[in-house]
Amino acid sequence: MVLSKFANKSFAIRLISGIILIVLMLATIIPGGNILFVANALISLAGVYELYKVLGLEKSLPGITGYIATISYYALLYTGKTQYIIILLIVFLIALLAQYVFMFPEYKTEQISNAIMCMLYAGVLLSYIYLVREGDNGAYTVWLIFLCSWASDTCAYAAGVAFGKHKMAPVLSPKKSVEGAVGGVVGAAVLGAIYAAVFIDKIQMDNPVIAFSVICAVGALISMVGDLAASAIKRNHNIKDYGKLIPGHGGIMDRFDSVIYVAPIIWMLLQIF
């Protein structure tokens, strides 16, 4: 009885926070522009912080340098000075190596490498939500990121429950199956085609139904890698969630793990199509 009440309460909290998350997502992505930019930057910083905290870098000098690099990256995006991003990353690396050398042996090689990885992982890759939204047909193509990440996950779960027999990653995620993965990819492709067919008059692209179907299929496949990558980090450090920012869901990295991987892939595929 007590377990049943606890389960119901946990589900209610997860449902309410999920609804709030969707509302906030709609309120930022639909208008785009500065509203989405600020939201995207804050989400990226939160993700970088969560990763640094797991790795014990959140209050260290390399971690602080990573926060500054993330903020600087978004400043370059906002001002349109994207040609200086490579220079920023080089300066970031040089600053970290200087800390490694002049404060030796306070920091290990792994800590310097992790500082770079986390900034690129959550700081840079997540920014492609904003970049896709601000691109051509952005008001419509940006939703492909979430179709590939969240909708395909639902399709994969349904297919896995119905047909799952062969484990895809038994150590990292015992419940994921090859059949579920196939179902997620096929489901995403179908949803992408339907989405394009509904808004075909609004999308300026040759054969959007075929294009969106292919993009969503590839994106769904990549999203599984993102999900498993985030799980691998948690397994390596024996944690259940990255944080408690989103009640019932965990942290930013728990909720956006697959989105992080999908967003830049969607941007790249859109450039091709």
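Predicted model: local features only at pLDDT ≥ 70, side-chain atom pairs only at ≥ 80, totals over all residues.
Figure 1. Ile85, Leu88, Phe92, Leu96 and Gln99 are the buried residues of the helix. Because these residues cover an arc of only 70° around the axis, they lie on the same side of α4. In an α-helix, with 3.6 residues a turn, residues three or four places apart point the same way. The buried residues of α4 pack against α2 (33-54), α3 (61-79) and α5 (109-124). On the face turned away from the buried side, α4 carries the exposed residues Ile86, Ile94, Val101 and Phe102.

**Figure 2. The loop between α4 and α5, with methionine 103 and proline 105.** Methionine 103 has a relative accessibility of 29% and therefore counts as partly exposed. Apart from neighbours within four places in sequence, methionine 103 is in contact with Leu61 and Ala98. The C-alpha atom of methionine 103 is separated by 58 Å from that of valine 198, which is 95 residues away along the chain. In the loop that holds proline 105, a cis peptide bond joins phenylalanine 104 to proline 105, with omega about 5°.

**Figure 3. Packing of helix α8 (residues 143-163) against helix α12 (residues 257-272).** The two axes come within 9 Å and cross at roughly 140°. At this angle α8 is oblique to α12. The crossing in which α8 passes α12 is right-handed. On the α8 side, the residues that meet α12 are Leu144, Ile145, Phe146, Cys148, Ser149 and Trp150. Their partners in α12 are Ser258, Val259, Val262, Ala263 and Ile266.

**Figure 4. Packing of α8 against α9 (residues 178-198).** The axes of α8 and α9 come within 7 Å, crossing at roughly 135°. The pair is therefore oblique, and α8 passes α9 in a right-handed crossing. The residues of α8 that meet α9 are Trp143, Leu144, Leu147, Ala151, Ser152, Cys155, Ala156, Ala159, Gly160 and Phe163. From α9, the contacting residues include the glycines Gly180, Gly183, Gly184, Gly187 and Gly192. Glu179, Ala188, Leu191 and Tyr195 of α9 also take part.

**Figure 5. Helix α10 and its packing against α8.** Helix α10 (residues 208-236) has 29 residues and reaches 41 Å from first C-alpha to last, close to the 42 Å expected at 1.5 Å a residue. The axes of α8 and α10 are 9 Å apart, and the helices pack at an angle of about 50°. The contact is made by Leu144, Leu147, Cys148, Ser149 and Ser152 of α8, together with Phe212, Ile215, Cys216, Gly219, Ala220 and Ser223 of α10. Helices α8 and α10 are therefore oblique to each other, and α8 passes α10 in a right-handed crossing.

**Figure 6. Asparagine 207 and asparagine 238, residues with positive phi.** Asparagine 207 lies in the loop between α9 and α10, and its phi is near 50°, a positive value in a residue other than glycine. With a relative accessibility of 55%, asparagine 207 counts as exposed. Asparagine 238, which follows α10, is found in the loop between α10 and α11 (252-255). The phi of asparagine 238 is near 55°, again positive in a residue other than glycine. Asparagine 238 is exposed, with a relative accessible area of 71%.

Conventions
Residues numbered from 1 in each chain as written. Heavy atoms only, no water. Buried < 20%, exposed > 50% of the residue type's maximum accessible area, 1.4 Å probe, protein only. Helix = DSSP H or I, 4+ residues; strand = E, 2+ residues; numbered from the N terminus. Arc of directions from axis to C-beta. Contact = heavy atoms within 4.5 Å. Axes fitted to C-alpha atoms, helices over the stretch in contact; angles between N-to-C directions. Parallel < 35°, antiparallel > 145°, perpendicular 65-115°, else oblique. Left-handed = near helix turned anticlockwise from the far one by under 90°. Expected span 1.5 Å × (residues − 1).
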